[in-house]
Amino acid sequence: MKRAGWNAVGVAVFLVMVFPVFWMVSTAFKPDSQVISLTPTWIPLHPTLSHFTAALDKPYFWRDVLNSLIVVGVTVAASIVVALLAALALARYRFTGREVFIVLVIGIQMLPQIGLIIPLYVVLAQYHLVNTLTGVILTEMTFVLPFCVWTLRGFLVGLPKELEEAGLVDGSTRLGVFVKILLPLMAPGLVATSIFAFITVWNEYIFARLLLNDQRKQTLTIWLSYFSGTSRHTDWGALMAASTLTAIPVVVFFLLVQRKIAFGLTAGAVKA
Amino acid sequence: MASAAETQPFRSRRRRRFRERALTGSTPFLLIVPLLVVMATILGYPLYWLFRLSTQQYGLFQLIAHHGTSVGLKNFSSVLHDQVFWHTLVRTVVFTAVNVGLTMGLGLLIALLLTKLSAWVRVLLSSGLVLVWAMPVVVAVQVWYWMTNFQNGVLNYVLTQLHLGNFDQHDWYATTTSQLGMVTLLIVWGALPFVAITLYAGLAQVPRDLVEAAEVDGARPWRVFRDITLPILRPILLILTSLSIIWDFGVFTQPYLLIGQSKITPGNYLMSVYLWEEGYFKTDFGRGAAISILMLFIVALLSVAYVRRMVRIGREVA
């Protein structure tokens, strides 16, 4: 086949893949008459923001945004600090039990979340942490922590060891080398890992659904999943506006870090 | 006095060096201690409880009383004698096979397609893929729900317009096969970008001159693909396939939300939904724990190859 033919196929695949995203945004801006019409309007020529105001006026939207931000902020900050230390150990030292440690870090990420809901629920109930953001933060860390360790390790391995050795020869302490040399070099890796952890926690559904029953305490993902509710008459325009709003921060951040981190899961298999 | 002044810096330097060496020896352990403590608390302790619960009668009453009654292996035998468990297992295996097959097959095709495109189409398509990749799962579910609803979903309209039949008011959530088919579409759509882009990056490793030499020797495209491209791609294909198997076997959010709780029945359970309904929703935590252990065991078996490979990568120290 000629290049033009392949290009046509490429554009077709693009259109099919992107259509759901386009359809979400397009519906969000359409007036109601066009949304419910049996003959679809492809592009809203008279866009309206009414669905967005309707979505924002839904109860608990801002509250749940705040909840999401709290859960994400605390989870990511705590995970990054703890994970950075462990990643340093993995990337710079040989020590007894290292192999077992790596197996744990990778193995835990492979566990299906759903397999842990029962004991997590029972244990958290014993400490009265069901229906609290603290409980959710603790459960989110089970997967975010190993992920951060593994990703940060990848970034650390990529940094030349000679710089640190030079620092040590010049008489700095290990801590001094870490703060003055390694940390600045790690900055891009730390930012990328934090953003990716942010996305993971922002999107997380299972644990948040398991633990948060009170609408005032839910995260935005749960808020969105209950949006259409049980009613037969879903407000599709508002639902798509709400979906767009939930997706925007994730999409923006993802586009920022995708190139840096996409290969974490297959690290080593693909030499980027 | 002079000699004391001379030895002083020497001794302190030696002490410092000694201290440093001791620190280096224990440093890696000190560095991983915080992680170990946190993981032991948030994962180790619950896992201990998972095994404990699996041998107990533990329902809502016991949850409130903070005390279960030991029943030995009754929970396991109850699950293993449950027809629903075995039907769910078979359904989940078939579902996983279909999803992984479609994801890997289409992902490979898109990756190969990317190598054939002009620069501008390649940028267009890969940007589109990244956009899809970025979509949160719960958002994607809502969009799917809207596109496939029977009253005014765009899917029915398009299929009817393409003269593929009359899909007016067609309900895609009426039968189990159709429900799981919609879930499959959603999952494959969401998983394709990661697989396609990773494979495309892998294809960049295929040496150009090797392919050209083969073409000069008169090898057909299929031979080139089978004898040159595929062997180089093999490790990446293996990793992606095992990851997909693990993920699709344990997938919960898409089936649970897209089918919708009111339409979830034992007839359309996938393993994770079965666990959610039987363990959490019916607050039978003891039995739920038994199901969890069986499920974790299956996933652990599926993960062995992947974890092994990653450990080999993790061995390197810079």
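Chat on chains A and B of a predicted model

Visitor: OK, what secondary structure does chain A have?

Guide: Chain A comes to twelve helices and zero strands, and along its principal axes its C-alpha trace spans about 75 × 65 × 30 Å.

Visitor: And what share of chain A is made up of buried residues?

Guide: Of the 272 residues in chain A, 45% are buried.

Visitor: How do α4(A) and α9(A) cross?

Guide: Helix α4, residues 61–92 of chain A, and helix α9, residues 174–203 of chain A, have axes that come within 9 Å and cross at roughly 140°. Because of that angle, α4(A) is oblique to α9(A), and the crossing in which α4(A) passes α9(A) is right-handed.

Visitor: Which residues meet there?

Guide: From α4(A) the contact takes in Ser68(A), Val71(A), Val72(A), Thr75(A), Val76(A), Ser79(A) and Ile80(A), and these meet Leu190(A), Thr193(A), Ser194(A), Ala197(A), Phe198(A), Val201(A) and Trp202(A) of α9(A). By kind, the residues of this contact between α4(A) and α9(A) divide into nine nonpolar, five polar and no charged.

Visitor: Switching topic: how many residues do chain A and chain B each put into their contact?

Guide: Chain A contributes 90 residues and chain B contributes 84 residues. On the side of chain A that touches chain B, helix α1 (residues 3–29) of chain A gives the most, with 15 residues, and that side as a whole divides into 67 nonpolar, 16 polar and seven charged residues.

Visitor: What about the domains of chain B, where do they run?

Guide: The domain assignment of chain B gives domain 1 as 2–54 and domain 2 as 82–314, and the centres of these two domains of chain B, taken over C-alpha atoms, are separated by 44 Å.

Visitor: I'm looking at Pro46(B), which helix is that in?

Guide: Pro46(B) lies in helix α1 of chain B, which covers residues 2–54.

Visitor: Is Pro46(B) buried or exposed, and why?

Guide: Pro46(B) is buried, because 22 other C-beta atoms lie within 10 Å and the cut-off for a buried residue is 20 or more.

Visitor: What is Pro46(B) in contact with, leaving aside its neighbours within four places in sequence?

Guide: With those neighbours left aside, Pro46(B) is in contact with Leu116(A), Pro119(A), Leu120(A) and Val123(A).

How values were computed. Residues are numbered from 1 along each chain as its sequence is written. Chains are lettered from A and ligands numbered from 1 in the order in which they are written. This is a predicted model: local features need pLDDT of at least 70, side-chain atom pairs count only at pLDDT 80 or more; totals for chains, interfaces and linings use all residues. Axes are lines fitted to C-alpha atoms, for helices over the stretch in contact, and angles run from 0 to 180 degrees between N-to-C directions. Helices (H or I, at least four residues) and strands (E, at least two) are DSSP runs, numbered from the N terminus. Angles under 35 degrees count as roughly parallel, over 145 as roughly antiparallel, 65 to 115 as roughly perpendicular and the rest as oblique. A crossing is left-handed if the near helix is turned anticlockwise from the far one by less than a right angle, and right-handed if clockwise. Two residues are in contact if their C-beta atoms, placed from the backbone, lie within 7 Å. Ala, Val, Leu, Ile, Met, Phe, Trp, Tyr, Cys and Pro count as nonpolar, Asp, Glu, Lys and Arg as charged, and the others, Gly among them, as polar. A residue is buried if 20 or more other C-beta atoms lie within 10 Å of its own, exposed if 12 or fewer, and partly exposed in between; C-beta atoms are placed from the backbone. Domain bounds come from an automatic or database domain assignment.
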